[in-house]
Amino acid sequence: MHDNSNKTVFDVIIIGGGITGAGTARDCSLRGLKTLLLERFDFSVGATGRNHGLLHSGARYAVNNPESARECIEENQILKRIAKHCIEDTGGLFITLPEDDLNYQKVFVDACRGVGIKTQVLDPQEALKMEPSANPQMIGAVKVPDAAIDPFRLTMANVIDARRHGAVIRTYNKVIGFINSGTRLTGVKTLNMRSGEEKTYEGKVIINAAGIWGRQIAEMAGLSLNMFPSKGALLIFGHRINNVVLNRCRKPSDADILVPDDTISILGTTSTQIPYDEIDRMEVTTKEVDLLLQEGSKLSPKVAYSRIIRAYAGVRPLVAEHHDETGRNLSRGYVCIDHSERDGLDGLLTIIGGKLMTYRLMAEKVTDLACKRLGVNKPCTTATTPLPGSDNYAEEIYRRDSDRASDRAKIGRFGSMSDDIKSRDNVDSALVCECEQVSTAEIKYAIDYLEATNLFDLRRRTQLGMGPCQGQLCAGRAAGLLSRYCPVKRDNIADLASFLNERWHGVYPITWGNTLSKIELTSWLYNGVCGLDNYVHENGVLINRHRQ
Amino acid sequence: MKADVVFIGGGLAALVAGIKLLENGLSVIIISAGQSALHFSSGSLCAMNRYNDTEVHSPLEYIDLLPPDHPYRKVGGASATCTLLKEAEVIMRRAGIELTGTLERNHYRLTPFGVFTPAWLTLSDHLTLDSLDKVPYRKAAIIGIEGFLDFYPDFIAKGLKKIGFETVKSTVNTPEFNLLRNNPTEMRAPNIARTLTEEGLENYAYALNRKIYDCDVAIIPAVVGLNDNEPVKQLASMVNCDLYSVSTIPVAVPGIRMKILLQEYFTSLGGWYLMGDSATDGIFENDYLRSINTANLGNTPVKADRFVLATGGLFSRGLKSDINHVWEPVFDLDVDFEQDRARWYDKNFYQPQPFMKFGVKTDEHFRCSLQGKTLRNLYAIGSVLGGDFNPLTDGVGAGVTLASAMYVANKCLE
């Protein structure tokens, strides 16, 4: 394919391949703008891929931040229509425990009603029937329209739709500078993280959607953006503990949400302000694990004795809208900045902060602003246009019954796109990842059509290595397939070593019990049988690239 | 139920020690819960690969430099270790396991990722080299099986090229493999091995011969000879050049073959192998273990003069753990482990992991202790042993297992 992208003048250049950037690329391309999306690593590597996977009803914010709550419930209803294949409509419960104040429940229900969130107060016995894993000592329960959402799938669906509408997508391309013309930005300089090649791209409007890294982007343009990173640690359990999202009915606090996601459950989160220079070094401490377990087992006693398969942490990109040095006016809402108005610099917009939940709304706001700057008058259609995978055909696909678990898993992951993934023969149907039922055909599809070039990318496209064994058996198999089928030639053994070390980063904080037994076996397999440690030491492999 | 010696656990340590006792006229019972670490073995055994940060070429030269409580020192240092390990080697050969290698000098084995790592003994159908400077072949045909994902021709080719081989990669297919593929999870090494007899083996040989071209050696995944060496020899005789295997991602054929051969030899000598049973607890009289109870035998205790704990490490469940403890699940014996959980691991997966050192405490004769009191007739051997050594990164796993097993067998004969 001939690459003309560096000779084109783009209407919009978007920096950041998280859900905000992907959603913005979709909105821009649907409105006919010539769009380029640049991402320094892969899609969803930041906060997008490191949260609960909770489709908030907004109830959590109803008491303290009704504005956020209203946005949440509106987007909740929109996403349930346009992103069906990314969502499991589980419903949610807010439970009150004996140590909580039952009076708060009334305040909570009133606040929900005020912003349009449907609630239903349940008798504790009814609530237990609805979710048997909930703490039986609860003294009150309220049903809300919470759900579970897969952020990797959601981001990919936005990227696929953007590309279908002409957007140019470049992963592993880092923005290293801007091109100025007086007080106007007219383009970006990029570095290809693989080849080391530098390029320039011209654009009329540049959108900073880099999440917590947006501060660095702003600084590159000579501007300041006050960001206040907040770390949240979470735990993944090896099976589905609950079928309904469980929340504590009290002021938001540590470990008070338990979300069922696919075959697992996720417990979180903590909230700790961290210095900005630590945002690339997230690790979960044993203290955080202990705190999560202690608090989480109050939501569901099963938390105390269920096997944990992984601990991870994300950074919330909290931002101060104005030049606020104190950080007192922090909001979990989003911020949309036109830097010509705020800083006198034309051609740069920033869309930052917010939540996974509100990505579509954020994309709409910043695309409105870009259209205004470009003199384009096209309305936003993302609230009504289903994402690829969730079109009308999806219903038919979901009704299909297959006796093969890997086919059912594929339909779950790709919705109406799953027919594009074809097994030519029995070789293609061979299972690579047994935990997540990923077949050879699905790996080949991710390589050919979803820009997967290494095991990290494959994990985010297919869930490979995300199950109970955390890559113990599938990582080697997938590395072998990448080596055979991927046109981007890399040191696949070195990538495999990095991948296993990245998996290890999420495992060592929870290394006890069955997990410790398993990891001892994984060590013997890869370092004993396969000699991977020798390869790492002999070839000086850098194994700390855990975001790539 | 009574025997002279009862082993709890039925892997490499118990089988080799048990065979030695049977050969010397004692009665032996092995209680085995099922799969052992052998099922995951690469087909190689290591005596010592690393001392501090240097690669070891001659394990015996380093043994007397080890700390006094290292198992090799406890059995009596270099010369005693040498005697015990060579005796274990002879037992394994008598059981029908064909091995290459010597304790005097490590050889190199080829791993599934194309890396050459040191080893003491390797199954003789696997590719080994005495030195990486002298390559005995010119050109290798690396032949995978279509759709078999646990063998990596690209990685092996890369490793072989690095030391001077020319390589050709290909895959083969046979009607038997097609049948296996009807189920997407069936294409695993032991399942493939089960199809490789008689006609299946002939078809495989025919397919291999068409991919050898001008090569003087063919390298295939270790998918032949699950129960014994016969299919390996038949295949080698039908293939038109030298033929070697490389181990696959487990569950692995080479280790299963070793296990089956040892177990068959053990039972042929009159040993009792209680498969699928596990010890639950023991009846003690002061420092003497009188009998043990098992899950399957109900009220019938198993009595012996001596008991040997050979239940394996963490992944064999010879040791168990929770959020802040590690314990030995049968007798709750004294165990060495770090109190602070944050020190159980290293954050780099490729550095030595402290949890590998956890295990039961033993005295100078490998006798276990309970609440600080040494037990007179309960010994521990193999991976359940704790101590200041890392079986994986030091490359002493199999050596310590076999040396402790043979030492304790000698104690039982005293």
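Two strands count as paired here if DSSP finds at least two bridges between them, and strands themselves are DSSP E runs of at least two residues, with helices being H or I runs of at least four, numbered from the N terminus. This is a predicted model, where local features need pLDDT of at least 70, side-chain atom pairs count only at pLDDT 80 or more, and totals for chains, interfaces and linings use all residues. Residues are numbered from 1 along each chain as its sequence is written, chains are lettered from A and ligands numbered from 1 in the order in which they are written, and side-chain values use heavy atoms, leaving out hydrogens and water.

**View 1. A three-strand open sheet in chain A, ordered β3-β8-β4.** The pairing is antiparallel. The edges belong to β3 and β4 (87–88), each with a single partner strand, so one side of each has no neighbour in the sheet. Two bridges hold β4(A) and β8 (residues 147–149) together, and A:Glu88 sits opposite A:Ala148 of β8(A).

**View 2. A:Gly53, in the loop between β2 (35–38) and β3 (54–55) of chain A.** With a relative accessibility of 3%, A:Gly53 counts as buried (under 20% relative accessible area; 1.4 Å probe, protein chains only). Beyond its neighbours within four places in sequence, A:Gly53 is in contact (heavy atoms within 4.5 Å) with A:Ala147, A:Ala148, A:Ile149, A:Pro151, A:Val259 and A:Asp261.

**View 3. Strand β2(A) and its parallel partners β1(A) and β9(A).** β1 (residues 9–15) pairs with β2(A) over four bridges, and A:Ile15 faces A:Leu38 across that pairing. Three bridges link β2(A) to β9 (residues 168–170), where A:Ile169 is the bridge partner of A:Leu37. Look at the side chains, too: A:Thr35 and A:Leu37 point one way from β2(A), A:Leu36 and A:Leu38 the other, and all are buried.

**View 4. Helices α1 and α4 of chain B packed at about 85°.** Here α1 (residues 12–23) meets α4 (residues 77–94), and their axes (lines fitted to C-alpha atoms over the stretch in contact, with angles from 0 to 180 degrees between N-to-C directions) are 10 Å apart. That makes α1(B) roughly perpendicular to α4(B) (65 to 115 degrees). From α1(B) come B:Leu12, B:Val16, B:Ile19, B:Lys20 and B:Glu23, and they meet B:Glu87, B:Ala88, B:Ile91, B:Met92 and B:Arg94 of α4(B).

Notes
Buried means under 20% relative accessible area, exposed over 50%, partly exposed in between (1.4 Å probe, protein chains only). Angles under 35 degrees count as roughly parallel, over 145 as roughly antiparallel, 65 to 115 as roughly perpendicular and the rest as oblique.
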